[in-house]
Amino acid sequence: MSELTFEQMLEESLKTIRTGEVVTGTVIDVKPDEAILNIGYKSDGILTRNEYTNEQNIDLTTVIKTGEAMEVKVIKVNDGEGQVLLSYKRIAAEKGNKRIQEAFENKEVLTAKVAQVLDGGLSVVVDEVRIFIPASLVSNVYEKDLQKYAGVEIDFVISEYNPKRRRYIGDRRQLMAAKKSEMQKEL
C-alpha cells in the first residue's frame, strides 16, 4: 500500500455534489436570517430563511439548533462566492405534495390555519404546500367579508389536485353541507 499525501486524503474524503441532490448536513452556525451547514463538501452550505420556510419574519435561531442534522436539497453548487445554496422548504414541499395527494385520493379532511385572505378566497399552507380555497367554496352561504377567517384554523377537503400546474384547490362548503344535512336528519 502506498502512502497517501494529506492532500490526496482530503480530496478523497470530500464528496462531489450536484444541483437537485438531497444531502444530510449538520448545522454549525445559526443566525436569525440564515443557517450554515457542514454537508461534507469542500465548502459549507447556506440555508436562507426564504429557503427554510414560507413564514416571512421567522427567526431561524428559534427553530434550528446548532449540531442538529438536517436533510436539505442543493439548489446551487456555487453561488459566485464559492458557497453552496441549500433548501429545506423544497424537500418539505415534496413530502407535503405526497401528503396532499393522499388526502385528495382518500377524501381526507385536513385542518390548517388560514395563512392569507385574498380577494378571491383564502390561502392555507399544509406541509409547505399552498392550497387555495375560492370564496365560493369557503362557506355554504355567501360571505361578503372573508377577513374574519384570517389566522383561524379551518377544516376542508382537497377538491382539485394538479401537481403539474401546482394547482391545489380546497373545498370547505362540501363539509358544511354534509354537516347541515346530518343536523337536519337528527331533527
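Trainee: Which residues have the most contacts inside the largest nonpolar core?
Mentor: I100 and F156, in this predicted model. That core has 21 residues.

Trainee: What is I100 in contact with, leaving aside its neighbours within four places in sequence?
Mentor: L110, V126, V129, I131, I158, Y161 and Y168. Another core lies apart from the largest one. This other core has 19 residues, including V23, V27, I39 and V77.

Trainee: New topic. In what order do the strands of the barrel close?
Mentor: β1-β2-β3-β5-β4, with mixed pairing. From one strand to the next, the twist averages 50°.

Trainee: Take β2 and β3. Parallel or antiparallel?
Mentor: Antiparallel, over four bridges. A35 has L47 in β3 as its bridge partner.

Trainee: And which strands does α4 touch as it packs on the sheet?
Mentor: β1 (22-31), β4 (69-76) and β5 (84-87). The direction of α4 makes about 105° with that of β4.

Trainee: Now S43. Where is it?
Mentor: In the loop between β2 (34-38) and β3 (45-48).

Trainee: Is S43 buried or exposed, and why?
Mentor: Buried, because its relative accessible area is 16%, and the cut-off for buried is under 20%.

Trainee: What does S43 touch, not counting residues up to four places away in sequence?
Mentor: G82, Q83 and V84.

Technical notes. Residues numbered from 1 in each chain as written. Predicted model: local features only at pLDDT ≥ 70, side-chain atom pairs only at ≥ 80, totals over all residues. Heavy atoms only, no water. Core = buried A, V, L, I, M, F, W, Y, C linked by side-chain atoms within 4.5 Å. Buried < 20%, exposed > 50% of the residue type's maximum accessible area, 1.4 Å probe, protein only. Contact = heavy atoms within 4.5 Å. Helix = DSSP H or I, 4+ residues; strand = E, 2+ residues; numbered from the N terminus. Pairing = 2+ DSSP bridges. Axes fitted to C-alpha atoms, helices over the stretch in contact; angles between N-to-C directions.
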